[in-house]
Amino acid sequence: MIPLSRVTVTPEMTAAILEVVASGRFILGPETKAFENEFAAYIGTRHAVAVSQGTSAIQLSLIALGVRPGDEVLVPSMTAFPTIEGILHAGGKPVMTDVDRYGAIDPADAASRVTDKTVGILPVHLYGGAADMTALRALAERHRLWIVEDCCQAHGARFREKTVGSVGRSGCFSFYPSKNLTVLGDGGMVTTNDDEVARTVRLLRDHGRSDKYTHVAVGFNLRFNEIQAAVGRRQLALLETFIEKRRAVARHYDTALAGIEGLRTPLERPGTRMVYHLYPIRLKDQATRDALRDHLTRAGVETGVHYPIPNHLQPAMEPFGTPPSLPESEALAQTSLSLPIFPSLTEEEVETVIGGVQLFFENE
Ligand SMILES: Cc1ncc(COP(=O)(O)O)c(C=O)c1O
């Protein structure tokens, strides 16, 4: 079976893990500090604070920005459910918006949902493609809102000359094993140029302590581990190579699938660098998507749907009232199909995937 994603593990990563084991220091130590510094330098922010996962990066960012109960946060419905959880765990109210043709928050739809309770915008750089930050910044300035970027799928993606995670007040990253940069376990990072946000996130991730036995705030245990940091540093050193490989696979798929009627390859927003965390194609309807998915499974190709249930329709959201109608998000849920993409995908595997898709359409 060709998997949807596959982790790259090098001998340097394994050796680094063993060095941490020998060091006897396991949580928030020198490897974490070095990973934070290297990550901040890569993203182009003054600070990077390592936390337990992407979800806690969002939660702690919003708490640091002073979100209070009832505060509304504009967020696209089409994202991983943890984006929504991060807002809720910080005490905010997610106000779900529709997405544009790139799968990112639609600035016009977001603008129509601004109320006097709106405090911020949480764009998601979905699939590894950057959201329309120019339009979102204009919206934020008009209503004096903050922007927190969900970069969990977009390590190294660029919007114009900036790397995502350096555009808003903070950027939130996940290092879960399927991500473009993984720490071979759970992990996350908050990037920011705001000294106060960095200080608060740093404090809250570790029980609000200012030193070993002094707690100046009621915080959490959302810390980061040394073994994960050691792996993360070696993954970060390879990230540009990983991105080049993902982009090469995407170009290969783009070219081979371009002529197929009833299939649309993913769009890269002009002026951005997409890092292809996923390669979601669009089909004409749900029946075709599901049939292609079954066909590819039989051909030994794993696929994914990101995401089959948009968050405004999730059962967990029922207590929050009648869901809005978000047609583009609902269409995306029904018609998108993610093909395998990862740095170690071989030419032969890419050809197998392409051949499987082509055969399906020949027999349509
Ligand atoms: C867009 C997005 N936001 C948030 C998250 C949450 O990250 P984590 O699983 O590290 O908590 C993920 C990954 O699951 C994600 O893809």
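This is a predicted model: local features need pLDDT of at least 70, side-chain atom pairs count only at pLDDT 80 or more; totals for chains, interfaces and linings use all residues.
Residue numbers start from 1 along each chain, following the sequence as written. Local features require pLDDT of at least 70 and side-chain atom pairs pLDDT 80 or more, while totals for chains, interfaces and linings use all residues.

The shell around the ligand holds 15 residues, of which Q53, G54, T55, C152 and S174 come nearest (a residue is near if its C-beta atom, placed from the backbone, lies within 6 Å of the molecule or strand). Helices α3 (54-64) and α4 (81-89) each give two or more residues to this shell. Helices are DSSP runs of H or I with at least four residues, and strands are runs of E with at least two, numbered from the N terminus. By class, five shell residues are nonpolar, eight polar and two charged. Ala, Val, Leu, Ile, Met, Phe, Trp, Tyr, Cys and Pro count as nonpolar, Asp, Glu, Lys and Arg as charged, and the others, Gly among them, as polar.

An open antiparallel sheet has three strands in the order β12-β14-β15 (pairing requires at least two DSSP bridges). Strands β12 (263-264) and β15 (336-339) form the edges, each pairing on one side only. Four bridges join β14 (residues 279-283) to β15. P280 lies opposite S338 of β15.

Helix α2 (residues 30-43) contacts helix α8 (residues 226-257) through E31, T32, A34, F35, E38, F39 and Y42, which meet E226, A229, A230, G232, R233 and L236 (contact: C-beta atoms, placed from the backbone, within 7 Å). Seven of the contact residues are nonpolar, two polar and four charged.

Conventions. Axes are lines fitted to C-alpha atoms, for helices over the stretch in contact, and angles run from 0 to 180 degrees between N-to-C directions. Two residues are in contact if their C-beta atoms, placed from the backbone, lie within 7 Å.
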